[in-house]
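This briefing covers the pockets and the sheet of the protein shown below.

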Amino acid sequence: MKTLNDFVTLSNGVKLPCLGYGTWQSPKAEAKEGVKEAIRLGYRHIDTALVYGNEDAVGEGIRASGIKRDELFVTTKHWITDRGYEKTIAAVEASLRNLGLDYVDLYLIHWPCVEKVTPEWKEINAATWRGFEKMYRDGKLRAIGLSNFEKKHIDALAETAEIAPMVNQIEFHPGYTQTDNVEYSKKCGMAVEAWSPLGSGAVLKDETLGAIAAKYGKSTAQLCIRFALQCDVIPMPKSVTPARIAQNMDVFDFEITDEDMKAIAAMPELGFSGYRPEEAPADALVG
Ligand code: A2P
């Protein structure tokens, strides 16, 4: 990846820009200004979710940017309270209304339903996915995918899916790289996206990472973003601070060596959110 808007081609041919702007934990006012600033600086890929409570503000930021809709790539996510076919269709319509858009470029199941919630978890995910497939076929969603799915949930969905998911968005940063999940998702034909590529800020004080970043004359945040890119994982760093929004896209003028990539990949666990689909209580799952 050489520039901000180089892209990964999804399995249906849709082009996904290789670096995105994240909005998890951005309150409305900051989300609007942050999105507008990110687009002004050159970001074309914006990631939000119903549960972030800022879809309307993200939509305002997009409109305020003055950039044409078809030059942007907008992702939002389905929430756990909208599971099932009919509710999913209504949820897509609601997110489109919130965003003020006619379509989104990518729509994701935010968290899989799991056995702990109900023995019917497979059927529920399958029904949700049928809703995704309908809205995809209707042209409201240019691409559809998953978030926080692990092998078990991916395999179960594949038993009934008519359209294979195109993306899996998971927590990924130095100190929590979920290598098996990244590899399996790719093997299943999905592009992998990173939420919290900076570990929600928790990895930025790490001295080992700081020392590696310093060798390249870069910040630890830039090292984390570049690390994801070199793992062929699409990072979507969140910041509401203009200088950081600019810094986070300035990651195309250096290359982490193989040796440093290995050292970063081998770091002990650091900055893990604590969220896993089978473990965290459902109402805690927001990442
Ligand atoms: P802020 O939004 O106040 O600028 P992640 O993308 O992993 O969720 O991390 C987001 C967190 O990291 C936010 O707290 C954000 O703060 C902070 N952050 C984002 N970019 C940088 C940066 N370049 N330097 C330091 N902190 C950053």
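The second largest pocket has a volume of about 170 Å³. This is a predicted model, in which local features need pLDDT of at least 70, side-chain atom pairs count only at pLDDT 80 or more, and totals for chains, interfaces and linings use all residues. Residues are numbered from 1 along each chain as its sequence is written, and side-chain values use heavy atoms, with hydrogens and water left out.

**Pockets**

- A pocket is an open set of points on a 1 Å grid over the protein atoms alone, where a 1.4 Å probe fits, with protein on both sides within 12 Å along at least five of seven lines; lining residues have an atom within 4 Å of a point.
- A volume is the space filled by probe spheres set on the points, which are joined across faces, edges and corners.
- Residues lining the second largest pocket include Asn 5, Lys 15, Arg 44, Asp 70, Phe 73 and Arg 142.
- The largest pocket holds about 440 Å³ of space.
- Among its 27 lining residues, Leu 198, Ser 200, Gly 201, Lys 238 and Ser 239 are the closest to the centre.

**Sheet**

- Eight strands form an open sheet with parallel pairing, in the order S3-S4-S5-S6-S7-S8-S9-S10; strands are DSSP runs (E, at least two residues) numbered from the N terminus, and two of them pair if DSSP finds at least two bridges between them.
- Strand S3 (21-22) and strand S10 (233-235) are the edge strands, each pairing on one side only.
- Strands S4 (residues 45-47) and S5 (residues 73-78) run parallel and are joined by 3 bridges.
- His 45 stands opposite Phe 73 in S5.

Note on methods:
Helices (H or I, at least four residues) and strands (E, at least two) are DSSP runs, numbered from the N terminus.
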